[in-house]
Amino acid sequence: MASSTNRWSWAPHAAVEKLDRRGFVLNGDGVVCIDIDHCLDRGRVLPWAQGLVESLPDTYVEVSPGGDGLHVWGFGSVDRGRRIRVPGGTVEVYGSGRFMTVTGRRFGSSSSLADVSAVIKSLL
C-alpha cells in the first residue's frame with residue numbers, strides 16, 4: 001500500500017507492474033490526472049462527456065477501475081485538486097497529493113502524455 005504523502009512507500013513501476021492493484025502518485029511534478037467519473041456505458045462515452053473527451057489532445061487515457069469512468073493522463077499544472085460538477089456528471093482534476101489507481105486498460109490509441117493544460121483551464 002502506498003501513501004500519496006509518504007515517498008518511502010512508493011516503488012518504481014517495475015516493482016509493482018504484476019500486482020493486482022497498482023497506481024501512480026501525483027506529486028506535483030507536472031503529471032496530472034483528469035478523472036471523468038461514470039462517463040462510460042458499455043465502453044461508449046455518454047453524451048454529457050462526449051465534448052470533453054473530444055477536446056482532449058492525443059494523450060494516454062485509460063478506463064478507471066470501476067469500468068465506467070476514464071482517467072486522462074497528461075502534463076499540466078493543478079495548484080490543488082478539484083471536484084467539478086458539470087452538466088450530467090462529475091470531473092476531478094489532480095496534480096499532487098493523490099494516489100490514482102492505474103488499470104492499464106487503454107481507452108484510445110495514445111501511449112504517451114500530452115499537455116492537457118487547455119482542457120484543465122476549460123474545466124476550472
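Predicted model: local features only at pLDDT ≥ 70, side-chain atom pairs only at ≥ 80, totals over all residues.

Colleague: How many disulfides does the count come to?

Modeller: The idea is to look for cysteine sulfur atoms within 2.5 Å of each other. Here the count comes to zero. The closest cysteine sulfur to that of Cys-33 belongs to Cys-39 and is 12 Å away, so the two are too far for a bond.

Colleague: And is Cys-33 buried or exposed?

Modeller: Cys-33 is buried, at a relative accessible area of 0%. Cys-39 is buried as well, also with 0%.

Colleague: Now the charges. How many salt bridges does a search of the whole structure find?

Modeller: In general, side chains of opposite charge can pair when their charged atoms come close. In this model, the search finds three salt bridges. One of them joins Arg-42 to Asp-41, at 3.5 Å from N to O. Arg-42 is exposed, with 77% relative accessible area, while Asp-41 is partly exposed at 37%.

Colleague: Which residue does Asp-79 meet in a salt bridge?

Modeller: Its partner is Arg-82, with an N to O distance of 3.3 Å. Asp-79 is exposed at 61%, and Arg-82 is partly exposed at 22%.

Colleague: What about Arg-98: which side chain does it meet?

Modeller: Arg-98 forms a salt bridge with Glu-92, at 3.8 Å from N to O. Arg-98 counts as partly exposed, with 34% relative accessibility. Glu-92, at 8%, counts as buried because the cut-off for that class is under 20%.

Key
Residues numbered from 1 in each chain as written. Heavy atoms only, no water. Buried < 20%, exposed > 50% of the residue type's maximum accessible area, 1.4 Å probe, protein only. Salt bridge = Lys/Arg side-chain N within 4 Å of Asp/Glu carboxyl O.
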